Amino acid sequence: MEQKTKELNSIIVLLLILSIIRSIIRVFTAIVAMQIYSDVFVILEIVLSIFVIAASIGILFKNKYALIALFGIGACIVITAFCSGNHDTGFVQLFIMGLWALIFCLKKNGQSAWKTILFDGKKDSVNVTKEKTLINTENTDSSIETTSAKEIEIIQESSVAESNNNVTNQMENVGTITYEVKNEEEKERMSDDFNNPPKRSPKKRVSSIVVIALSVGILILIIGLLSYWAWDKFSKTKEEKFEEAKALFKGNRTEEAVQILEDLVDNDYVKAKTALGNIYLLQKSVPLNSQKGFSYLEDAAKSDTNAIHLLVVIYGGKKCKGETFQDDQKLKKYADLAIKNNCCVGLAYFELGNIYARQENYPVAFYNWQKATEYNQRSAHRNIGILYYNGWGCDVNYEKAKYHFDKAIEETPNDSKLLLYIGLMHKYGNGVSRNISLAKEYLKKSADKGNEYAQKEYAELEMSN
């Protein structure tokens with residue numbers, strides 16, 4: 001039974017040491033994770049793990065309150081794990097608590113293991129000592145009785161054989177009796193010394209509470225130093241990881257960059273969402289994934305103006321790897337959001353003007369394009385010039401049309417529609433002196449870019465000359 005007790009006690013000590021090591025690792029990793037997550041559950045994990053370390057050390061020093069604390073802390077860890085969505089940790093902790101409960105419920109002599117092994121183990125050794133003492137005392141008594149019987153026989157024989165020398169026999173008997181008395185006293189003294197060993201002066205012992213406090217303090221110091229070292233050497237902020245991903249992408253290490261960005265998205269880093277939306281929709285090095293791309297961009301647009309800008313451009317008709325996703329309803333939503341957030345305001349007004357122009361609501365289109373020019377959106381000048389040239393949503397005014405065409409040509413000299421209208425102005429002398437040579441030059445440039453109306457006008461000039 002004593003051997004089984006020692007084996008079970010060794011298993012418990014081993015489990016406690018493993019629990020301390022596991023908790024140290026959890027604290028270490030959680031402190032490093034704080035640089036990324038900054039979550040209250042991470043802080044709770046650190047605190048509870050430190051408490052587990054303290055409770056485990058307390059059990060090693062046979063403190064029954066530490067055992068109660070260990071189960072209480074374990075219950076807190078389970079609740080925290082399930083509340084934070086980390087169900088795996090919660091189930092593992094439940095398994096560990098069940099294992100401890102099973103071990104401590106084992107019986108020895110009718111008592112639970114947690115009493116007999118951890119806290120009252122000394123009683124066994126005391127009982128064994130008492131049993132040994134009783135056995136030795138019984139042996140001593142029997143030996144005394146045997147010795148006395150033999151001595152009586154010797155006295156009787158000597159009295160018969162030496163009857164003539166009474167004086168001598170009496171002296172010998174007195175000496176023998178005296179020896180027997182001394183022998184009996186010596187035996188009794190030895191028996192008393194054996195049964196009642198001399199009391200030793202109690203040694204001064206260090207309080208277990210002081211030992212536990214010192215141990216916990218040392219562990220906290222070690223964990224703090226290791227965590228600082230890890231943070232200094234390996235930990236990176238979200239911004240640093242984002243910059244690393246950008247560098248990898250520029251170095252054509254696309255898969256690594258995307259993986260880092262996906263990890264950052266899991267940590268709700270908004271810039272990473274915008275970057276992945278751009279990559280999945282516009283960057284040719286990655287296959288088109290419109291579902292993920294728009295999902296990331298629309299989520300990031302709640303707080304990131306860069307995402308809003310991209311959505312305005314894409315929903316306005318920009319091609320995404322050969323495909324277009326023009327959507328006037330969503331374009332209006334994000335154009336209004338851009339104006340509200342003071343983001344790409346000129347482009348937003350320009351796209352709103354385009355929406356109303358497609359609906360042939362030219363007065364509202366004119367208003368929005370006019371607002372766009374106030375924010376230096378030069379592409380809006382071409383559209384305003386066309387409205388003035390045709391009298392759509394305003395009175396015909398060739399001079400103002402020419403003014404806006406001249407502004408637009410500085411920004412977009414190769415715009416086929418702009419080249420068409422400038423050619424028409426020179427062909428018919430609208431707002432400028434008629435100049436067939438210049439008309440043919442502009443119309444040919446527009447025709448070469450595939451403008452069918454310009455091709456027709458240029459052909460007429462060629463046939464008439």
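**Figure 1. Helices H11 and H12 pack with their axes within 8 Å of each other.** In this predicted model, H11 covers residues 270-281 and H12 covers residues 290-300, and the two axes cross at roughly 145°. The crossing is left-handed. On the H11 side, look for Val270, Lys273, Thr274, Leu276, Gly277, Asn278, Tyr280 and Leu281. Facing them from H12 are Ser290, Lys292, Gly293, Phe294, Tyr296, Leu297, Asp299 and Ala300. Sorted by type, the residues of this contact come out as eight nonpolar, five polar and three charged.

**Figure 2. Helices H20 and H21 make a left-handed crossing.** H20 takes in residues 436-448 and H21 residues 452-464. Their axes come within 8 Å and cross at roughly 140°. H20 brings Ile436, Ala439, Lys440, Leu443, Lys444, Ser446 and Ala447 to the contact, while H21 supplies Ala454, Gln455, Glu457, Tyr458, Leu461 and Glu462. That makes seven nonpolar residues, two polar ones and four charged ones. As a reminder for both of these views, a pair of packed helices is described by the angle between the axes and the distance between them.

**Figure 3. Helix H17 is mostly covered, with ten of its twelve residues buried.** The buried set is Ala380, His381, Arg382, Asn383, Ile384, Gly385, Ile386, Leu387, Tyr388 and Tyr389. Which helices do the buried residues of H17 pack against? There are four to find in this view: H15 (345-358), H16 (362-374), H18 (398-411) and H19 (416-428).

Figure 4. H17 runs over residues 379-390, and its end C-alpha atoms sit 18 Å apart. At 1.5 Å a residue, twelve residues should span 16 Å, so the span in the model agrees with what a helix of this length should give.

**Figure 5. The whole chain, for orientation.** Of its 465 residues, 35% count as buried. Take the contacts between residues at least 6 apart in sequence, and 50% of them join residues at least 24 apart. The chain's accessible surface comes to about 28600 Å², and carbon and sulfur atoms account for 56% of that.

Technical notes:
Residues numbered from 1 in each chain as written. Predicted model: local features only at pLDDT ≥ 70, side-chain atom pairs only at ≥ 80, totals over all residues. Heavy atoms only, no water. Helix = DSSP H or I, 4+ residues; strand = E, 2+ residues; numbered from the N terminus. Expected span 1.5 Å × (residues − 1). Buried < 20%, exposed > 50% of the residue type's maximum accessible area, 1.4 Å probe, protein only. Contact = heavy atoms within 4.5 Å. Areas by Shrake-Rupley, 256 points an atom, 1.4 Å probe, with all protein chains shown as cover. Axes fitted to C-alpha atoms, helices over the stretch in contact; angles between N-to-C directions. Left-handed = near helix turned anticlockwise from the far one by under 90°. Nonpolar A, V, L, I, M, F, W, Y, C, P; charged D, E, K, R; others polar.
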